[in-house]
Amino acid sequence: MNLTTLSIGNRKPSLSDPYLRISVSKASLLFLFLLLLNLAAHAAQALDVVVTSNANPVEDGRALTFTATVSNPGSIARTNVRLDIVTPAYMQLDPAVQASPSGSCLAGASCSAGDIMQWSIGTLAAGEVRVVSFSDLLGNTVDGELVTAQATVRADGLSPAQSSHTVVA
């Protein structure tokens, strides 16, 4: 199949000819458009984050561990990747000590319910996965109370991705 044809009647083709017409089949243009669209979408994929826990329900006075899995399903490395997690109700912890890997609390040394815990992941290569977990003993809960960990992952040039996980106390 000839995708490109030159048509100027019976004359010899010349690039300076004002009547030179280059035609490309619609199928070829559609293929090129879809290829470029696919490449752009694949390179621009956002990061993913999924939050899970070690128990549901969890009893008062027992350890509750939340795990956030951050992944880069795209085809290019992402830079300045940061993970923020809102400290769940009934938890008070120091993410530098009670988290793996160590994180920080934006409110100070220790995070109370509602404070932001943060991990600086740095560069996340294409296909790479990082896991962050934190744990604390639940205290003073009411039976049936919901405990939620909400995570947000950010990187340069991308919209934030969010996930949350709720357990019953």
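Analyst: Val86 stands opposite Ile116 in S8. The model is predicted, so local features need pLDDT of at least 70 and side-chain atom pairs count only at pLDDT 80 or more, while totals for chains, interfaces and linings use all residues. Residues are numbered from 1 along each chain as its sequence is written, and side-chain values use heavy atoms, with hydrogens and water left out.

Strand S5 (residues 78-86) runs antiparallel to strand S8 (residues 116-124), and seven bridges link the two. Strands here are DSSP runs of E with at least two residues, numbered from the N terminus, and two of them pair if DSSP finds at least two bridges between them. Strands of a sheet pair through backbone hydrogen bonds, either parallel or antiparallel.

S8 has another partner in strand S7 (residues 104-105), again antiparallel, with two bridges.

Next comes the disulfide. A disulfide is counted where two cysteine sulfur atoms lie within 2.5 Å, and the count comes to one. Its members are Cys105 and Cys111, with their sulfur atoms 2.0 Å apart. The link of Cys105 and Cys111 is right-handed, at 125° about the S-S bond. A disulfide is a covalent bond between the sulfur atoms of two cysteines. Cys105 counts as buried because its relative accessibility is 10%; buried means under 20% relative accessible area, exposed over 50% and partly exposed in between, with a 1.4 Å probe and protein chains only. Cys111 is buried too, with a relative accessible area of 0%.

Arg154 is the next residue to look at, and it sits in strand S10. At 31% relative accessibility, Arg154 counts as partly exposed. Contact means heavy atoms within 4.5 Å. Setting aside neighbours within four places in sequence, Arg154 is in contact with Leu47, Asn80, Val81, Arg82, Asp84 and Pro160. With Asp84, the side chain of Arg154 makes a polar contact of 3.0 Å. A polar contact is a pair of N or O atoms within 3.5 Å; within protein, one must be able to donate a hydrogen and the other to accept it, and residues adjacent in sequence count only if both atoms are side-chain atoms. The C-alpha atoms of Arg154 and Thr79 are 9.4 Å apart, although 75 residues separate the two along the chain.

Thr141 counts as buried because its relative accessibility is 14%. Beyond neighbours within four places in sequence, Thr141 is in contact with Asp60, Tyr90 and Ala169.

Phe66 has Phe134 as its bridge partner in S9.

Those two residues return in an aromatic cluster, formed by Phe66, Trp119 and Phe134.

Technical notes: Helices (H or I, at least four residues) and strands (E, at least two) are DSSP runs, numbered from the N terminus. Rings of Phe, Tyr and Trp (its six-membered ring) pair if their centres lie within 6.5 Å; planes under 30 degrees apart count as stacked, over 60 as edge-to-face and the rest as tilted.
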